[in-house]
Amino acid sequence: MFKTTLNIEGMMCGMCEAHISDVIRKTVPDAKKVYASHSKGIATFLSEAIPSEEELKNAIAKTGYSCLSVESVPHEKHGKMEEMMKTDYKNWMPKGMVMGSACGAALLLIGSIVVALIPIAEPVKKVLVPILFVVTAIFLVVTIWMYLMYRAFSYNGKRKMSKQIIEGVASYVKLPDGGKGLDVGCGSGALTIACAKRNPKASFTGIDRWGKEYASFSKALCENNSKAEGVSNTSFLQGDAVKLPFDDETFDAVTSNYVYHNIPSSDRQAILLETLRTLKKGGTFAIHDIMSKMKYGDMQEFAKKLKDMGYTEVKLVDTTNGIFMSRWESAWMGLSGSTILVGRK
Ligand SMILES: C[S@@+](CC[C@H](N)C(=O)[O-])C[C@H]1O[C@@H](n2cnc3c(N)ncnc32)[C@H](O)[C@@H]1O
């Protein structure tokens, strides 16, 4: 038995839910426990076999709604403890940073008011008060920006941008039965787990440095998320993307999402090559990051270099043109240049 979850855009009410449920029943005649929720923007059902993603997407598109993703996972009856477990993928904009910035803004505001009211030398006040208010305003703007990012990324929010990106990247990752995949900089395990779910007959390893800049991500968190998702074909270990602890040509697929731009380096193409070193000949790769010229150098040249090295189907896909996000979102969120590098070794 498989449980399929569809992310659907455009459902507004109970009628829409009924409409979507009908489409699912018609497209997958053996579908059971069909459920749609306009508030969550999802529909789920159980079926004996994995349904065709393309057929579902096409059938839903014909009704005027838009199906953003389809995900099927093996469905087993869980024990009470497992049912109580919930996934927690945290947020790419750490909550602590948003709170820290908000506290800084509040303290600065209080400080500015106190300085404005206490009796100090007028010339000092004239200089100090405007400076303090300007710094407070900057902190406030940054806090609002961070909060909006946090909200857009959140797995519990309306936009669910992280989920859309994770599912989008995972859709490029194909593994043969019994194959092995690697997710570099796995964070809270979201992409590793999404790839493992899509390739239930293969196994997927997530590796991360788990340093203090993303203190809420950890190996234990990845393992808990895997368990909560009912996924057992994953494993996680600590390691550095710059020097991966794997032999050449270990994996049938390698992937990564928004990792390498975080690594201080004057040569991020070298980090890409380090990841590709671990890929078997014929294996697929899907690496998503902010691949602007400033961060990565000339990526068109790099793609050409890969082709010269014998790689095939090499493509650089701009993900800011609506695939994962709109141009406007990428601009205000500082994600301009987001690109997925895909191909086969
Ligand atoms: C924005 S998060 C993305 C996490 C995950 N890929 C995802 O899509 O949810 C960036 C991740 O890169 C990891 N990272 C940064 N530098 C790294 C390095 N040198 N080696 C391995 N992981 C690293 C961080 O620990 C963090 O988990």
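**Note on the predicted model: contacts and helix packing**

1. In the protein, 69% of the contacts with a separation of 6 or more join residues 24 or more positions apart. Two residues are in contact if their C-beta atoms, placed from the backbone, lie within 7 Å.

2. This is a predicted model; local features need pLDDT of at least 70, side-chain atom pairs count only at pLDDT 80 or more, and totals for chains, interfaces and linings use all residues. Residues are numbered from 1 along each chain as its sequence is written.

3. The protein has 12 helices and 11 strands. These are DSSP runs numbered from the N terminus: helices are H or I with at least four residues, strands E with at least two.

4. The C-alpha trace spans about 80 × 55 × 40 Å along its principal axes.

5. Helix H4 (residues 95-117) packs on helix H5 (residues 122-153) at about 160°, with the axes 8 Å apart. Axes are lines fitted to C-alpha atoms, for helices over the stretch in contact; angles run from 0 to 180 degrees between N-to-C directions. H4 and H5 are therefore roughly antiparallel (angles over 145 degrees). Their contact has 19 nonpolar, 6 polar and 2 charged residues. Nonpolar means Ala, Val, Leu, Ile, Met, Phe, Trp, Tyr, Cys and Pro; charged means Asp, Glu, Lys and Arg; the others, Gly among them, are polar.

6. The axes of H6 (residues 161-170) and H7 (residues 190-198) come within 9 Å and cross at roughly 45°. On the H6 side, the contact residues include Ile166 and Val169; on the H7 side, they include Leu191 and Arg198. The contact divides into 7 nonpolar, 1 polar and 2 charged residues.

Definitions and conventions: Parallel < 35°, antiparallel > 145°, perpendicular 65-115°, else oblique.
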